[in-house]
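I set out to record what I looked up in this structure. The entries follow the order in which I consulted the model.

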Amino acid sequence: MSIQPKSETGESFVSMKHIYKTFNPASVNEVVLFSDFNLEIEKEQFVSVIGSNGSGKTTILNILCGSIAIDSGSVSVNHREISRLKEYQHSKFIGRVFQDPSKGTCPELTILENMALADNKGASFGLQLGVNKKKIDFYRSQLELLKLGLEDKLNLPVASLSGGQRQALALLISTMTPIDLLILDEHTAALDPRSSENVMELTERFVREKKLTTLMVTHNLKFAVNYGDRLVMMHHGGIVVDAAEKQKSALAIKDLTDKFNEISVEVGN
Amino acid sequence: MDIILGLVVNVLEEGFIYGIMAIGVYITYRVLGFPDLSVDGTFPLGACVTAALITVGIDPWLACLIAFVCGAAAGCLTGFLHVKLGITDLLSGILVMTGLWSVNLVITKGSAVMPFYDKSTIFNSGFSGALASVLPENYRVVVIVAVSCIIVKLLLDSYLKTKSGLLLRASGDNAQYVTSLGRNPGAMKIIGLAIGNGCTALAGSILSQQTESASVASGTGMVVMALASVIIGTNLFRKFRFMKATTAAVIGAIIYKACLVIAMQLGLPTNYLKLLMAVIFTVALISNNMFMGRGKKQNVNPTQI
């Protein structure tokens, strides 16, 4: 984790190069999504990605996490080529929060057991006692950061928590151990407005405090504009807007909706 | 009175033996959510391996251990077929179960029943030999099977509390979560199946030592019996938070055995035994669905409300 970004190798911290991906090849449903797609992300950069349905946002995340294979091209995270690894091998250095709050935690295990498992990520899962009593105070202090009162419910099964609470817990869990890249897959989409604001604020805090390189896909234009250092808008497997720093702060939601409409007209929607 | 006491002893003897199998099937069915049919083959596997080993004079406790290992290996094979080769869970169980039939016949050198009368078993040698002076034989058997069953239960309870055990529970609950932890959920499935089938073979081994013979056909209906025990036990004691699910599975096995014995005592012909087993299992499943009907709704994915 001490490897320097960019300068040494001339490659960004997260890099997707010359990606080709066709779904259902050689059939009537053939969809050529990416042909020569490229995306570079600097270390500690917080990128939000927006785009219409089928534009390829989620596919980018799935490729980075190894859930789907690419036809050709190269994907590297922290200067490590990852496109040939298995999905669970990607997870060793990538944290992911899903849209579905039930995916990021184990409903039948207690909060404590969930945290103990997450805390052990990267270490071996042998026959040592699963929940280390000495670390309970540490887990409690971590849960206090969420400000949801979960620190008093350590022995409650996660199934009994609300979607917002579970998603906050999933966010905490996926960033508890050191990771190279945090992937947020529309992680506020299934929550009510109040909970999604809360989870988004937590996200911002964790990303900044832990200096995480982050890729967030969202349908919420407000979040995309207000949070993150860089905004990428996708359409038909290509990047149509890529605004960083000053350029991004000048962006308003209206510009984005205009752009959305412009694209929609082009494709005749 | 003596007759009733005799029946109770009989129920407890078999209940604890099948309880060991129920604990194993609890791991595969409830923890992993894997309907494992290979149990029908691993139960007689344990019995046949034990018969063959005891006949050549191996220590009976060691024979139990080897039976467990053989069962675990068969479980690994089921897991391998399912996880690595992508065969559905039901089919991989059926394949292993079918294949084991021949394996068991090879172990018994071709005979369907392999008796080993007057050899040393866990019930008449070593520790239990010492018990012989204190307890009459039928009580001795109950004590030994109860102790074995409780040891297996305690071992599994403590395993489920380890890191590996937590990961096993997680992989049945939410495989994606295990993947997110950088672990292969398939590997955990194989471990769970190994434990489940190991326990089943151990139960087969102990039963064969109690009857001093191993039968290749003894596995028929074991899946039904084990699943019924697990479902009866976990449903009846759902409200008892303090009770471990493994304990509930053992008690389920005892209740199940008691139902069969009562039916036999009421004059049900032996030929109807398997039919009765199927009926009890059906009733258990239906009541399971009725119990779960309300409980499940609380776990609905919030995105779908």
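This is a predicted model: local features need pLDDT of at least 70, side-chain atom pairs count only at pLDDT 80 or more; totals for chains, interfaces and linings use all residues.

Entry 1

Entry 2. I checked the length of helix α4 of chain B, residues 89-107. Its 19 residues should span 27 Å at 1.5 Å a residue, and because the end C-alpha atoms are 26 Å apart, I recorded agreement. I then looked up burial along α4(B) and found B:D89, B:S92, B:G93, B:V96, B:M97, B:L100, B:N104 and B:I107 to be buried. The cover over the buried residues of α4(B) includes α2 (39-55) and α3 (60-84) of chain B. Just after α4(B), I found B:K109 with a positive phi of about 55°.

Entry 3. I turned to the largest nonpolar core, which has 155 residues. The members that touch the most other members are B:I20, B:M21, B:A22, B:C48, B:A203 and B:A226. Helix α1 of chain B, residues 2-31, supplies the largest share of this core, 14 residues.

Entry 4. Which residues bring the two chains together? I found 32 residues of chain A in contact with 23 residues of chain B. On the side of chain A that touches chain B, α2 (87-90), α3 (111-119) and α5 (163-174) of chain A each supply at least two residues. With four residues, α3(A) gives the most to that side. By class, I recorded 13 nonpolar, 11 polar and eight charged residues there.

Note on methods: Residues are numbered from 1 along each chain as its sequence is written. Chains are lettered from A and ligands numbered from 1 in the order in which they are written. The expected span of a helix is 1.5 Å times one less than its number of residues. A residue is buried if 20 or more other C-beta atoms lie within 10 Å of its own, exposed if 12 or fewer, and partly exposed in between; C-beta atoms are placed from the backbone. Two residues are in contact if their C-beta atoms, placed from the backbone, lie within 7 Å. Ala, Val, Leu, Ile, Met, Phe, Trp, Tyr, Cys and Pro count as nonpolar, Asp, Glu, Lys and Arg as charged, and the others, Gly among them, as polar. A nonpolar core is a set of buried Ala, Val, Leu, Ile, Met, Phe, Trp, Tyr and Cys residues joined through C-beta atoms within 7 Å.
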